Amino acid sequence: MKSIKECDPVACEFKKLWIECGARILSKLTPTRRMELIPRKGTCHKPSRKKIFLVREAGGVGDIISMGGAAAQCKIEHPDAVVNICVPNEFVSIGEHLKYVDSVIGVGPLDYLVSHRRARGEKPDYTRDLYLSILEIPENGFVDLWCPATLYEKTQKDRIEYTRSQIFAAEAGCSVLTKAIPEWTSTPEERLKATHMIAEAFPSSSSGPLVGFAPRGTKPASNLTTEFINELLTYLFDMNMNVAYLDCVKPEVLLENNSLEWFNCDFLQSAAIAEQCDIIITVDTSILHLAAALRLPTVGIFSLTDSAPYEDFYPFLEVVQYEKELERCKMPCNRAISKGFGDDCCTGCRRMLELSVDDIKISLQKVMQIAGNPTFQCERMQRMMK
Amino acid sequence: MKHHNNIECLNKFRTRSTRTTGYQEFTYSDQSIFMDTNTLDLYEGDESELPIPASLAPQYPICPNKHLRALVLEVTHACQLRCSYCYVSQYYDEMSSVMDFDTAQEAIDTLIDPRVVERYGFQLGFFGGEALLNFSLIEQVVSYARAKFGAKVSFTLTTNGCLITKRIAEFLAAENFSLVVSIDGPPSLHDENRKDVNGKPTHAKVLKGLKLLKEASVKKVSLRATYLPSNTQLLKRTKYLNQLCDKGYGTNISVEPAFLTETSCVKIPPENMFAITEIEGSLRQEYVDVADYLVDRLSQGKTAYFKNIMVYAQRLLYKQHSPSECGAGVGFMSVNPDGFIFACHREMNSLIGKLSDGGVSEQDRA
């Protein structure tokens, strides 16, 4: 085999000359200035773009926006990588607004996932199935797979600032939801239906402010107890407020006339109702993120989840952080009754048993004052505050 | 066999099983979906029609041109200029040949592997003669390639810059072309060698073309200067072209001696050959002056434009070793108007096949 010099000595001399000139330029610059002034360019043989595939359990809105944080973290660690995420079909539109996500893959719908796992006598966890199947892909540095658990392990192992990821999530959540809101609630049917329902439930034009109340989420530990729900509803009714009860299950409390029962609804329908509320009281669930995106004054009740990342990014959010130990639930609930446990709940869920209305009164007052501010143009609240 | 770019269809899967090496099979009702475990690409259809998985590609080449990342179409041999150093001057008699769309289409279909395009992207270049003399073909080919490969294909064009019109500039900008425009330096140096068929200077026309490119916002325009041993003046050329870049007429420059290629590619006229002694003597000092000028620019916070030198500065700084400067015949090929395939777009002795004979001849390429 011939060397370059043997093949073409002239070309070789020119190349040597150019290399010498390159070295001369570097020698005249300080090491710091070199890096500043001469940017790194891609190598001649560019490696393929790394693919990162984020998979989360088919959860709710909070899961999706936290994937926004994870995606941001991925882009920091691997700026050239392609980041794909996998979410339930009904939340694809949210995922598409995530700034650091290149493409969103829909799985589901959730109903299918749940029924599929139940048919096999297992806990619904379709995405974990998917994840496990993809885990068998040989490790070649080309594909990276994270699910929530491994994401957490990885961030711990690699000393990535997981908190920063959470902050990204909150930031992503607020901006993403704001962008996605028109798409969710702009269906004329949903909005018209919501307007009619509210007009029907609260016919009097002088009726009080409308409070959206979401006492339950997908995490059992976040759910409010029936006792507390009753106590809070009584308090709200005493204050001449109207309540839109936003829950996925039938209320276990006796609602008064000035309330709107809105259960067994899908997320779009809940969003259409929430959009018309004056203030929101919610646990850590999708309604919390929705309220932030709608810029509604909100009381957020947190138990296990740390509210810190959200406080800086969610406008008009007053946080009630339950800091006591969660206790075994002894109250009857729909879940226990459906399983035949009666009054003795043995499903193992732990609740905020010591939470009382007094704990949220201060936050509620603050939120009402915010909503009563003229800039909010909330006539019902202003009238009440006077 | 239908190819999916995403895995949206995964929501249909009910069971899964591991099978053929390199693929995972998912089944839903009677339908099977196969996922390439390296690329996550999905295929549905018959198992026998699956392409060789990416994990096996290194051992079993997917096609003879699996390394081909760039193809140059010599859309015409004709040119309206008669540059004194032009290496095809000896073929002026044959310069009337013009490529037709059928040949271009056959070249694209025969030589380019869509899977390579999908995975790595692809660069399709237009060369001449003066390529813009056959602009209608360029439009047709761009349209065809976009329809076939989408955004994965990018385009390059080498031109003397004299034929650029507003319409052409807007087309090049819209298709995100990377351009190489030949301009040897200030008018005195440029017009010395680059004259049209009537012997008239061309510098003013090139500047007009560059202005149109700037107005149309063509993003990548490399200014290419060529010099001969008889009149080098590297610093003067470099300064002038850097000033053009400062004004937004270019995004990079290269200043290269004529005929700097493998000797086997080009028949170099003796008078245009650089002697080793020249390179080691006066020319070296000129390059040193250019390097100092580039340092001055960098120190002033300006970009230093001089591709040949700055590339090596980057490689030295970031330790980016490059084993080969030229991918001719492997990562890069060209097709001339008559359908002959060359390893290098400068043709000469680098013939490696003919489209009408089925493409690249491995015997010739070897």
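Residues are numbered from 1 along each chain as its sequence is written, while chains are lettered from A and ligands numbered from 1 in the order in which they are written. Because the model is predicted, local features need pLDDT of at least 70 and side-chain atom pairs count only at pLDDT 80 or more, whereas totals for chains, interfaces and linings use all residues, and side-chain values use heavy atoms, with hydrogens and water left out.

Helices (H or I, at least four residues) and strands (E, at least two) are DSSP runs, numbered from the N terminus. Ten strands of chain B, or 10 in figures, form an open sheet with mixed pairing, in the order 11-10-9-8-7-6-12-13-14-15; two strands pair if DSSP finds at least two bridges between them. Strand 11 (252–257) and strand 15 (359–360) of chain B each have a single partner strand, so they stand at the edges with one side lacking a neighbour in the sheet. Within the sheet, strand 13 (residues 340–342) and strand 14 (residues 351–354) of chain B run antiparallel and are joined by three bridges. Here B:F342 stands opposite B:L351 of strand 14 of chain B.

Helix 3 of chain B touches strand 6 (70–74), strand 7 (122–127) and strand 8 (153–159) of chain B, and its direction makes about 160° with that of strand 8. Helix 6 (residues 203–215) of chain B touches strand 9 (178–182) and strand 10 (220–227) of chain B, making about 160° with the direction of strand 9. Contact means heavy atoms within 4.5 Å; axes are lines fitted to C-alpha atoms, for helices over the stretch in contact, and angles run from 0 to 180 degrees between N-to-C directions.

Helices also pack on one another. Helix 3 (residues 135–149) and helix 4 (residues 166–174) of chain B meet at an angle of about 25°, with axes 12 Å apart. The two helices of chain B are therefore roughly parallel, a term for angles under 35 degrees, with over 145 counted as roughly antiparallel, 65 to 115 as roughly perpendicular and the rest as oblique. On the helix 3 side of chain B the contact is made by B:F135, B:I138, B:E139 and B:V142, and on the helix 4 side by B:R167, B:I168 and B:F171. These residues comprise five nonpolar, no polar and two charged; Ala, Val, Leu, Ile, Met, Phe, Trp, Tyr, Cys and Pro count as nonpolar, Asp, Glu, Lys and Arg as charged, and the others, Gly among them, as polar.

Helix 7 (residues 234–246) and helix 9 (residues 282–299) of chain B pack at about 30°, with axes 9 Å apart. That angle makes helix 7 of chain B roughly parallel to helix 9 of chain B. Their contact has six nonpolar, two polar and five charged residues.

Finally, some local details. A cis peptide bond, with omega about 15°, joins B:G128 and B:G129, and B:G129 lies in the loop between strand 7 and helix 3 of chain B. In chain A, A:N240 is not a glycine, yet has a positive phi of about 60°.
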